[in-house]
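Subject: Handover of a two-chain model

Dear colleague,

Please find below the structure that I am handing over to you. My notes on it follow directly after the sequence and coordinates.

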Amino acid sequence: MTVADDIDVAADSPAEATPRLIRKGALYGVLSALMVVFCVVPFILVIVISFGRKVEGAAWVWDFTFENYQRFFVGVLWPDEVTFLYLQQLGYSFYFAIIASLLAVLTALPFTLLLTRLKRSAQAIWLVFILSSLSMSEVFIVMGWDILLSNNSGLPRLFQVTGLTQWLKDVGWFQTLRDIGLANPRNVKFKPSEFATILTMSYLVWPYAVILLYPALSRLDPSLSEAARTMGASRWTVTRTVTLPSIRLPLMGTTLLLFVFLLGSYVTISVFATPDKQTTAVAIYSNIRGSNLNAPFGSAQAVILLISASICLYFGHLLNRKAEAR
Amino acid sequence: MLKINRRTLLKSGVASVAASSLATPLIAQSRSLKVGSYGGYFEDSFKSFVYPEFTAATGIEVESVTQPNSADWLVTMQQAASAGTVPTDISLYGRQQMIKASRIGGLIAPLNVSAIANASNLDGYFVFEGPDGPQGVGAMSWFTAMVFNPNEVDTPASWADFWDTDKFEASLGLSNVNSSGLLDITSATFFDGEETMMSNEGILAIIDKVREIKPNVTLWWNAESQMEQGMKNGDVIGGQYYLDVANLMASDGFPIQPTFPKEGNLQDYGSWCLSEGSEKSEEAAEFMNFSCDPATQALMSRNIGTAPLVDQAMTDLTDEEFAFVSGSPSIKPAYEAYLDNETFIKESWDKMLAES
């Protein structure tokens, strides 16, 4: 029991204090039970299942084998043959999450900065608009971009009717687009591609970036940069030496949070990423719910993804501490 | 004790269903059956055209349950079985999933085929023998066909045309699931069909051939709707897709046309299986018997677009109606290979797809 609790109890008459204590205890009990049932137990289940064994042509059975973990690093045919397929998928999980979260934060930063300089009422309208856009699920957003990038209804159509496609063909750049997979013989095409994947992932977390940066940026004291300006510093120097250092921590925190959020993207990757750039999240799903019912290997992949993400967060935390210490 | 409880619960459930369906309270109270089928248009057609006929013929009410056409349903059934519940009395399984369910055990119950007289209309292949006797009766068949956009290309004569980069560069839509037929199609086109699928070397040779088609594929789809959108949007001008849906889309005016190339199209079929723990085995047998009736097979072909499992001659389907849902030659999936060599095929396939 904490000191604060003691004080609280002492202030009440003993007759009232006992039921309140019981109520408090019961509340804590229920909350911990909920935590255990809904967080800890599933989590432990995933870890335990990751040691299970797949039965060919059926499902899987409980076991204690490290084969699934070994498969993740060298493939199922090791030692006859080695594949880094699953490491490659893990690599792309990080690749897309890092680039998309950085892009979202870097574009949200100037927007949020401008937003904080608007009138209060205008700020409120913008914030409500951005908050409401959070209610759209990943599936909706991906569907929207899918239509926007489609041949007959989206950007490629615009290229065609404005004559841009023909112009690209005339000047010879069309062949380059075909070589890098952004065109078929008839028209330009933007999906599936890295471009569409990163664009959609950044778009997905952009409102979060604004909302996470807003409190820190709205507390920025404008007199600091004004003072620097009056002392002759250029606008860029002010941004670099005054504004950015003072929001270093929220910037790092936001990027890390978005990064972790994006590590698990499923719909965007499965719709917009080319098969050579699929990620661990998609592979986990295809093992657990896909046609082969290999939950143990899916769980092992999930555990490894979790460990890798934790390591990243730990280093992020270290960097933060270092930055604070300076 | 538990059993009595469950029975009481089931009875009260049936009673409440009866109370809600005022039109036929007496029939509903006496007999009912929960039947699973793949959702959307497919299930709606069953509810509108097939189940009412069954109820009219037997007096058994059908409660329709939406189930996926994938191993997902096996996960659901396993979880339900360990919780002691039965989500459906009858579920619809593809052959591969049915064999898996049979091997996992405790999911599908043996059937009393003598109560399903009409099963004799079906080829013996369509009555699946599990370890403890028959466990599945064929329901309907479907084709995964070659489709193309008739506004953009001429009718391809062979699957091999899809490998022609001059015609199909970055334009095809194929399934990214290893067991969804591209291996069988490739094997039938360039190798010795099912026989090549039975060895690791054969699998690798087929996968090497599939690797060559990659520059022509723009969409590796995993959900049917992706391919549907791809064809409608013009992102895709050819690929593999379900024959019945392709025909429906074509009759709605979309630029898609299915065709039977000289190697044929992939034919798979679904089976009705009785859930372990269901107490409606008699009603289930009646339903399966009804389903095997040539008239019902024709009813499903007309209204759902599935291919009949009985000879066309047994049904009253016209040649035109038959061509809408079926064709020849047919390529049969190498079920045994997919089941016995599952992990090897999946990893080799995934590796091939993941190469840049």
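How many positive and how many negative side chains does chain B have, and how far apart do the centres of the two sets lie? Chain B carries 21 positive and 47 negative side chains, with 8 Å between the centres of the two sets. In chain A there are 25 positive and 19 negative charges, and their mean positions are 10 Å apart. Please note that this is a predicted model, and that every value in this message is computed from it.

Overall form of the two chains

Chain A contains 16 helices and 2 strands. Its radius of gyration is 26 Å, well over the 20 Å that the globule rule gives for 326 residues, so chain A is more spread out than a compact globule. Along the principal axes, the C-alpha trace of chain A spans about 90 × 70 × 40 Å.

Chain B has 16 helices and 11 strands. For its 356 residues a compact globule would have a radius of gyration near 21 Å, and the value for chain B, 21 Å, agrees with this. The box filled by the C-alpha atoms of chain B is roughly 65 × 40 × 35 Å along the principal axes.

Burial, surface and contacts

Of the 326 residues in chain A, 38% are buried; for the 356 residues of chain B, the share is 55%. The accessible surface of chain A is about 18300 Å², and carbon and sulfur atoms account for 70% of that area. For chain B the accessible surface is about 14300 Å², with 52% belonging to carbon and sulfur atoms.

The contacts were also sorted by sequence separation. Taking contacts between residues at least 6 apart in sequence, 63% of those in chain A join residues at least 24 apart. The corresponding share in chain B is 73%.

Cysteines

B:Cys292 counts as buried, at 0% relative accessibility, whereas A:Cys312 is partly exposed, with a relative accessible area of 27%.

Helix H16 of chain B

Helix H16 of chain B covers residues 342-354 and includes B:Glu347. Is B:Glu347 buried or exposed? At 3% relative accessibility, B:Glu347 counts as buried, because the cut-off for that class is under 20%. Leaving aside residues up to four places away in sequence, B:Glu347 touches residues of chain A, namely A:Arg71, A:Gly75, A:Val76, A:Leu77, A:Thr83, A:Leu85 and A:Tyr86.

B:Ser348 is found in helix H16 of chain B as well, and B:Ser348 is buried, with a relative accessible area of 10%. With residues up to four places away again set aside, B:Ser348 touches B:Leu204 and B:Ile207. B:Ser348 and B:Leu204 are 144 residues apart in sequence, yet their C-alpha atoms are 7.4 Å apart in space.

Helix H5 of chain B, residues 95-104, is mostly covered, with 8 of its 10 residues buried. Among the buried residues of H5(B) are B:Arg95, B:Lys100 and B:Met98. B:Gly105 follows H5(B) and has a positive phi, near 85°.

Strand E10 of chain B runs over residues 265-274 and holds B:Ser271. B:Ser271 is buried, with a relative accessible area of 0%. The residues that B:Ser271 touches, beyond those up to four places away in sequence, include B:Met98, B:Ser91, B:Leu92 and B:Tyr93, as well as B:Gly136, B:Val137, B:Gly138 and B:Ala139.

Helix H2 of chain A

A:Thr18 lies in helix H2 of chain A, residues 14-49. A:Thr18 is partly exposed, with a relative accessible area of 45%. The C-alpha atoms of A:Thr18 and A:Ser93 are separated by 53 Å, and the two residues are 75 residues apart along the chain.

With kind regards

Technical notes. Residues numbered from 1 in each chain as written. Chains lettered and ligands numbered in written order. Predicted model: local features only at pLDDT ≥ 70, side-chain atom pairs only at ≥ 80, totals over all residues. Heavy atoms only, no water. Helix = DSSP H or I, 4+ residues; strand = E, 2+ residues; numbered from the N terminus. Rg over C-alpha atoms; globule rule 2.2 N^0.38 Å. Buried < 20%, exposed > 50% of the residue type's maximum accessible area, 1.4 Å probe, protein only. Contact = heavy atoms within 4.5 Å. Areas by Shrake-Rupley, 256 points an atom, 1.4 Å probe, with all protein chains shown as cover. Lys, Arg positive; Asp, Glu negative; His and termini not counted. Charge placed at Lys NZ, Arg CZ, Asp CG, Glu CD.
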